[in-house]
Amino acid sequence: MEDKRQKIQEWFDIPKPKFPVGAVVFGAVLAIAGFALVANPPQGTVPGLVAIALGAIVIAISMVGYSGKKKKYEGRPSTDQMLRWLREDLEVLKVNSLNKLGLDPSELKGESIIVKGPLFWYEEGLNMSEIPKRRRVQETDTDSPYLYACWRYMVIHFAANVMGTYECAYNWYRNAAVNDKTEEFGYENVVSVKTEIKSSAHKLIDGVLQHSLRFVLLLTNGDPIEVCLCDPALKSARHTS
C-alpha cells in the first residue's frame, strides 16, 4: 500500500521534463566555433580543441540529465491506473463509512451511492500545500480535464427504515479523510434529490468559483446536503466514478 501511495504522489509531483534546447544549442555553437578555430592552425588548434571539448561536455551533461528526468517521468503510473486506484480508495471509504454510521452491510437495501467532486479551495484540516495538486489527464492537451489530489466525498447508504450519509474532505495524495460527518434520517424526511447549477462563494486556489454543478439532498428541516460535482473552472475528470 505504501508503494501505491508513493506512486500516486509521484504521478502528481514528477514534472514533465523539457528538452534542454538552450544547452544543446550553446554546446553546438561552442563545438562549431572550435572546429572553425582548428581549421586555422597553429594559433587556433588548442583553443579550438578546448571549445570542441567544452561543447561536447555541455551537450552530454544536459542530455544525461534530460534522459534521467524523462525516465522518471515515463515511469509514473498510467492515467488508467490512477483512475483505478482512485475508484479503489473511494470504495474503501465507503466500507469504512458503515462503521462510522454503525451500520452492518447486511442491513443495506440496494446499492450505496458515492457522490464526489474536486476540492480545490482551502479547507481546515487539509495540508495547504497539497490542495493545489492536480494534473491534466492528457498532459499535452490544454482542454483535457484534471485529476485532483483532494476531493469532497459523500456516500449515501440505504437501510430498511433510514438513510445514512457520510461526508468528508478526502486527501487522496495522503489517503487521509478529515472533517468527516455522519447523518441518519428517515425516508419521510427527504424532500428532494437533484443536481443543479448553483452560484458559489468558494475561493479557488487560482480564482473564484462562480457557478458549479451540485448534488443536492434536501431535507424537511430545510438543511441541504450538497457536494460540488464539477465546474468549467475546475475541469474535473468526471469519468473517475
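## Basis of the report

A residue counts as buried with under 20% relative accessible area, as exposed with over 50%, and as partly exposed in between (1.4 Å probe, protein chains only). By this cut-off Phe 12, at 8% relative accessibility, is buried.

The model is predicted: local features need pLDDT of at least 70, side-chain atom pairs count only at pLDDT 80 or more, and totals for chains, interfaces and linings use all residues. Residues are numbered from 1 along each chain as its sequence is written, and side-chain values use heavy atoms, with hydrogens and water left out.

## Salt bridges

A salt bridge here is a side-chain nitrogen of Lys or Arg within 4 Å of a carboxyl oxygen of Asp or Glu. The whole structure contains 14 salt bridges. One of them joins Glu 139 to Arg 76, with the closest N and O atoms 3.8 Å apart. Glu 139 is in the loop between β2 (134–136) and β3 (146–148) and Arg 76 is in the loop between α3 (45–74) and α4 (79–101), so this pair ties together parts 63 residues apart in sequence. Helices (H or I, at least four residues) and strands (E, at least two) are DSSP runs, numbered from the N terminus. Glu 139 is partly exposed, at 30% relative accessible area, whereas Arg 76 is buried, at 14%.

Glu 123 and Arg 152 form a salt bridge with an N to O distance of 2.5 Å. Glu 123 lies in the loop between β1 (113–118) and β2, and Arg 152 in strand β4 (residues 150–158); the two are 29 residues apart, and the pair links distant parts of the chain. Glu 123 is buried at 13% relative accessibility, and Arg 152 is buried at 15%. Glu 130 and Arg 174 also meet in a salt bridge, at 2.6 Å from N to O. This pair spans 44 residues, from Glu 130 in the loop between β1 and β2 to Arg 174 in the loop between β5 (162–171) and β6 (176–186). Glu 130 is buried, with 3% relative accessibility, while Arg 174 is partly exposed, with 45%. Elsewhere, Lys 4, Arg 5, Glu 88 and Asp 89 belong to one network of salt bridges that share partners.

## Aromatic pairs

Rings of Phe, Tyr and Trp (its six-membered ring) pair if their centres lie within 6.5 Å; planes under 30 degrees apart count as stacked, over 60 as edge-to-face and the rest as tilted. The structure holds eight such pairs. In one of them, the ring centres of Trp 11 and Phe 12 are 5.1 Å apart and the planes stand at 85°, so the pair is edge-to-face. Trp 11 is buried, at 2% relative accessible area, and Phe 12 is buried too, at 8%. Ring pairs join Trp 11 and Phe 12 with Trp 172 and Tyr 173 in a cluster.

Phe 19 and Tyr 66 make an edge-to-face pair, with 5.3 Å from centre to centre and 75° between the planes. Phe 19 is in the loop between α1 and α2 and Tyr 66 is in helix α3, so the pair links parts of the chain 47 residues apart. Tyr 66 is buried, at 17% relative accessible area, whereas Phe 19 is partly exposed, at 42%.

## Nonpolar surface patch

Phe 19 also belongs to a nonpolar surface patch with Val 21, Val 25, Val 29 and Met 63; together they have about 420 Å² of accessible area. Patches are made of residues with over 30% relative accessible area and no salt bridge; like charges are joined within 9 Å, and nonpolar side chains (Val, Leu, Ile, Met, Phe, Trp, Tyr) within 5 Å. Accessible areas come from the Shrake-Rupley method with a 1.4 Å probe, and for residues only the protein chains shown count as cover. Helix α2 (residues 21–38) gives the most to the patch, with three residues.

## Charges over rings

A charge sits over a ring if NZ of Lys or CZ of Arg is within 6 Å of the ring centre and within 35 degrees of the ring normal. The charged end of Arg 134 lies over the ring of Tyr 146, 3.8 Å from its centre. Lys 116 has its charged end over the ring of Trp 151, at 5.6 Å from the centre.

## Positive phi angles

Most residues other than glycine have a negative phi. Asn 175 has a positive phi, near 55°, and is found in the loop between β5 and β6. Asn 179 likewise has a positive phi near 55°, but is found in strand β6. Asn 175 is partly exposed, at 39% relative accessible area, and Asn 179 is partly exposed at 38%.
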